[in-house]
Amino acid sequence: MVRPRLPPLNAIKAFEAAARLGSFTRAARELNVTHGAVSRQVRLLEDWLGTRLFVRTSRNAVPTQAGTDLLAEAGPALDRLAAMSWRLQQRASPSGMFRISALPTFAMRWLIPRLPEFQRDHPSMELRIVTASTPAEQFHMDVDAVISGPSRQPGWVGKRFLGEARLPVLLSPELMKKCPLRTPGDLVRHTLLHAATLREAWPRWLAAANVPGLKPEREQVFEHFYFAIQAALEGLGVVMGPVALISDELHAGRLLAPIRQPVRKTRGYFFYAPEPSLDAPAITALRNWLISAGSVAEGEFSTYLSASQS
């Protein structure tokens, strides 16, 4: 039996992305091509089929009835093809290159320091870590998995592996000697260090500490949280931030936490994988390792707090 002619695969991919996302621009971003390239592929498919797939008068990518019918078939077909390709690549063992997206501060301060342990247990897997500026960007990258905060993304399934809390204040021992910090009110004599990605952290804690109108001596904002942490280590001021990312400094005494309450808890960190790949050996191996490492980290911090308060 001779298989009927199939439409061009690249044209199908461009059409499916534009119809699913409702935008040629967003489709171009997802496929890592130009807007014009998506438009040309869609026009090629329309010529091949002999019918229009999008309403030309609309500012958005609104499919015609023919486009709607094609999307209903093309989307699931591409999903099945992607899932089978993944299973064929991964079915033998968790080996080969594995690309994972993480935010820069988490990658630098939590994930990379723990990678030697994972590599010892899985020497055949090569983890390639790529970073994104915002959580929204992570799910549009060409990666096998994502580590991020709580999020709902179509086609991705998340598993929480690490809890998180915002410890009230952290500062260097040298600054503590120079300008003691015992109560929230003492912050009027300090510089508050902010991360641009966590600007809400200080205002929320100050409100919870019943000093919402407190005016510090000065404030300084850094593009990333790891810059703010380094500034605190150098004695530039007081930083508020996720406990998991400064646990090593707390244990070593390079940063201090003189104010213990209130501690603001967040939903923590999640490991996300594409739904068709949840049972792949590489995904399973990395997910199980993260859950185990996260449990150890949480236990260490609980021990630190108990020892400090006793």
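1. A word on terms to start: helices and strands here are DSSP runs, numbered from the N terminus. Please also keep in mind that this is a predicted model.

2. Let's begin with Pro-180. This residue lies in the loop that joins helix H7 (173-178) to strand S5 (191-195). Pro-180 counts as partly exposed because its relative accessibility is 39%, which falls between the 20% limit for buried and the 50% limit for exposed. Beyond its neighbours within four places in sequence, Pro-180 touches Asp-186, Arg-189 and His-190. Arg-80 is 100 residues away from Pro-180 along the chain, and 61 Å separates the C-alpha atoms of the two.

3. Next, have a look at helix H1, residues 9-21. With 13 residues at 1.5 Å each, H1 should span 18 Å, and this agrees with the 18 Å between its end C-alpha atoms. Buried residues in H1 include Ala-11, Ile-12, Phe-15 and Glu-16. After H1 comes Gly-22, with a positive phi near 70°.

4. Most residues other than glycine have a negative phi. Asn-32, though not a glycine, has a positive phi of about 60°. You will find Asn-32 in the loop between helix H2 (24-31) and helix H3 (35-49). Its relative accessibility is 71%, so Asn-32 counts as exposed.

5. The other asparagine is Asn-210, also not a glycine, with a positive phi of about 65°. Asn-210 sits in the loop between helix H8 (201-208) and strand S6 (218-222). With a relative accessible area of 66%, Asn-210 is exposed.

Conventions
Residues numbered from 1 in each chain as written. Predicted model: local features only at pLDDT ≥ 70, side-chain atom pairs only at ≥ 80, totals over all residues. Heavy atoms only, no water. Helix = DSSP H or I, 4+ residues; strand = E, 2+ residues; numbered from the N terminus. Buried < 20%, exposed > 50% of the residue type's maximum accessible area, 1.4 Å probe, protein only. Contact = heavy atoms within 4.5 Å. Expected span 1.5 Å × (residues − 1).
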